Amino acid sequence: MNAVLKVTDLHVYFDTSAGTVRANNGVSLQVREGESLGIMGESGCGKTVLFLSLLHLQQPGRIVRGSVVLDGRDITHLRESEMERLRGRVIALVPQNQATALNPAYIIRQQLTEALKIRHSGGSLHSLAGRQNTGSQSAESEFRRVFEDLGFEAGPVLDRLLRSYPHQLSGGMRQRVLIAMALLMKPRLLIADEPTTALDRAIKAQSLNTLQRLRGSLTMLVISHDVEAISAACDRVAIMYGGRVVESGACPEVLSQPHHPYTRLLLAAQRRRRGEPLQAVAAETLNLIDFPCGCPFHPACPEAMPVCAIETPPERCTDGAMVACHRFTGEAR
Ligand SMILES: Nc1ncnc2c1ncn2[C@@H]1O[C@H](COP(=O)(O)OP(=O)(O)OP(=O)(O)O)[C@@H](O)[C@H]1O
Ligand SMILES: [Mg+2]
């Protein structure tokens with residue numbers, strides 16, 4: 001299967017008065033055609049910086065090393081004018097904050113119509129606000145098709161939804177509108193940032209259902225701290241710690257039989273605090289300015305060996321899985 005997205009050894013740094021923050025410190029991952037990859041890790045491990053860097057929106061952070069290749073094309077240092085054409089259309093983002101991501105002054109139909117116009121005209125998403133809607137038969141049928149994919153039959157409920165202002169909708173509905181907007185662009189890659197965060201139990205169930213429906217029909221990168229969301233939406237998962245992927249593989253295997261000591265602690269912490277954002281699993285959060293030598297997790301690792309304080313563990317691959325841990329000898333799960 002072809003890789004739609006290939007990230008290799010990506011380093012993204014922020015210069016601060018306290019020193020250089022190494023937010024991404026050698027991220028490597030691939031998302032293959034039609035596959036959904038989940039990214040999991042505790043707060044501050046570099047998930048948001050990673051997807052912002054794919055879109056060249058990581059400023060004031062700098063990409064200091066590594067590459068981002070989309071459909072075989074290196075986009076790491078693409079000009080801004082070319083990135084504007086990719087953003088939204090080729091790489092679409094479903095942002096985390098559904099409450100503020102829609103324009104409060106326009107009904108949903110107008111906002112979807114704008115998305116369609118952008119797809120057809122080649123404009124940028126910055127022009128979304130403040131234009132007038134025209135509307136057409138073909139646009140209406142596209143809206144219906146997209147909402148059908150999300151589990152909405154054409155009828156009075158959908159008509160009412162299209163006529164609503166964002167504040168008249170529930171959080172779950174607004175999120176589905178954002179997904180619909182992204183799908184209208186027919187993107188090569190859809191990035192969903194924390195799709196179930198800040199949703200209550202019933203709405204989260206709807207959201208999981210939507211993600212499940214999308215799985216397999218398009219190529220997705222799903223960023224979440226929520227095991228339930230990752231299991232529902234993803235085929236594979238990459239676990240990040242200290243700005244790097246420390247383990248990756250097929251979802252059921254990684255989530256039920258993790259190899260990396262960090263993944264085991266992370267999943268145990270998740271079980272203890274169901275649904276809340278993942279805080280540091282270790283007593284102290286990792287200082288991204290003064291990285292420890294060797295494996296960045298070794299000061300907190302219950303299974304650390306002397307070598308862990310000296311050498312950075314290599315990314316060892318076996319059977320489509322990867323583990324960056326000196327303890328891992330390559331055995332299959
Ligand atoms: N503008 C900035 N200046 C300095 N440091 C930054 C900046 N933006 C992000 N960072 C740092 O980069 C690291 C990674 O941040 P990032 O937002 O990617 O974490 P995250 O994994 O998305 O966390 P969360 O789960 O809380 O959303 C953090 O230590 C953060 O403080
Ligand atoms: Mg984040």
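An oxygen atom of ligand 1 lies 2.9 Å from a backbone N or O atom of Val-49, a polar contact in the sense of a pair of N or O atoms within 3.5 Å. Taken alone, ligand 1 exposes 640 Å², of which the protein buries 62%, with accessible areas from the Shrake-Rupley method and a 1.4 Å probe. This is a predicted model, in which local features need pLDDT of at least 70 and side-chain atom pairs count only at pLDDT 80 or more, whereas totals for chains, interfaces and linings use all residues. Residues are numbered from 1 along each chain as its sequence is written, chains are lettered from A and ligands numbered from 1 in the order in which they are written, and side-chain values use heavy atoms, with hydrogens and water left out.

| Residue | Distance to an oxygen atom of ligand 1 |
|---|---|
| Gly-44 | 2.8 Å |
| Cys-45 | 3.2 Å |
| Val-49 | 2.9 Å |

In total, 14 residues surround ligand 1, the closest being Ser-43, Gly-44, Lys-47, Thr-48 and Val-49, where a residue counts if one of its heavy atoms lies within 4 Å. Helix H1 gives the most to this shell, with three residues.

Helix H4 (residues 108-121), a DSSP run of H or I with at least four residues, is mostly covered, since eleven of its 14 residues are buried, meaning under 20% relative accessible area with a 1.4 Å probe and protein chains only. These buried residues, including Leu-112 and Leu-116, pack against helix H5 (137-149), helix H6 (156-163) and helix H7 (171-184), with contact taken as heavy atoms within 4.5 Å.

Notes: A polar contact is a pair of N or O atoms within 3.5 Å; within protein, one must be able to donate a hydrogen and the other to accept it, and residues adjacent in sequence count only if both atoms are side-chain atoms. Helices (H or I, at least four residues) and strands (E, at least two) are DSSP runs, numbered from the N terminus. Buried means under 20% relative accessible area, exposed over 50%, partly exposed in between (1.4 Å probe, protein chains only).
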